[in-house]
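Hi,

Here is the structure I promised to pass on.

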Amino acid sequence: MPIERDDFFFMLGLAMRAGQLTFGEDGVKKAIASGSAKLVLLDAGASENTKKKMRDSCAFYGVQLVETAADRLGYAVGKPGRMSAAVAAGGICDKLISMAGA
């Protein structure tokens, strides 16, 4: 079930301002493979192909994946249309994981 909590998206906006997010399919896949990503966020509105690629990459490298409600990811970070984001390891990432219940 996609996450819809407003406080989660507020914290995600803080992560954006702190420079802890990587966007775009290629950037997220690089962050996953390099080990710098501890959490991957995937918008429910993403294509099935993108969802499959992200799920497979996260499963292979052992990175947690959280699906957000449709169109909420991009608006939370001030970049509408973004379908995936990787969160770098750190305190903000740990807080997002606990808020998501992942």
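β2, helix α3 (residues 48-61) and β3 form a β-α-β unit of the right-handed kind; right-handed here means that, with the strands pointing away from the viewer, the path from the first strand over the helix to the second runs clockwise. Helices (H or I, at least four residues) and strands (E, at least two) are DSSP runs, numbered from the N terminus.

Before you dig in: this is a predicted model, where local features need pLDDT of at least 70 and side-chain atom pairs count only at pLDDT 80 or more, while totals for chains, interfaces and linings use all residues. Residues are numbered from 1 along each chain as its sequence is written, and side-chain values use heavy atoms, with hydrogens and water left out.

Back to the strands. β2 and β3 run parallel and are joined by five bridges; two strands count as paired if DSSP finds at least two bridges between them. L39 has Q64 in β3 as its bridge partner. β2 also pairs with β4, this time in the antiparallel sense, again over five bridges, and there V40 sits opposite A86. β2 is largely enclosed by the rest of the structure, because six of its seven residues are buried (buried is under 20% relative accessible area, exposed over 50%, partly exposed in between, with a 1.4 Å probe and protein chains only).

Now the nonpolar cores, meaning sets of buried Ala, Val, Leu, Ile, Met, Phe, Trp, Tyr and Cys residues joined through side-chain atoms within 4.5 Å. The largest has 19 residues, and F8, L12, L21, L39, L41, V87 and L96 touch the most other members. At least two residues each come from α1, β1 (21-23), β2, β4 and α5, with α1 giving the most, five residues. Leaving aside residues up to four places away in sequence, F8 touches I3, L41, T68, L96, M99 and A100 (contact is heavy atoms within 4.5 Å). There is also a second, separate core of 11 residues, with I32, V40, M54 and V63 among them.

In α5 (residues 91-100), the buried residues are C93, L96, I97 and M99. They cover an arc of only 165° around the axis, so they lie on the same side of α5; the arc is that of the directions from the helix axis to the C-beta atoms. Their cover includes α1 (6-17), β2 (37-43), β3 (64-68) and β4 (84-88).

In α2 (residues 25-34), V28, A31 and I32 are buried. They line one face of the helix, because seen down the axis they fall within an arc of 100°. D26, K30 and S34, on the other side of α2, are exposed. The buried residues of this helix pack against β1, β2, α3 and β4. Just after α2, G35 has a positive phi of about 90°.

Cheers
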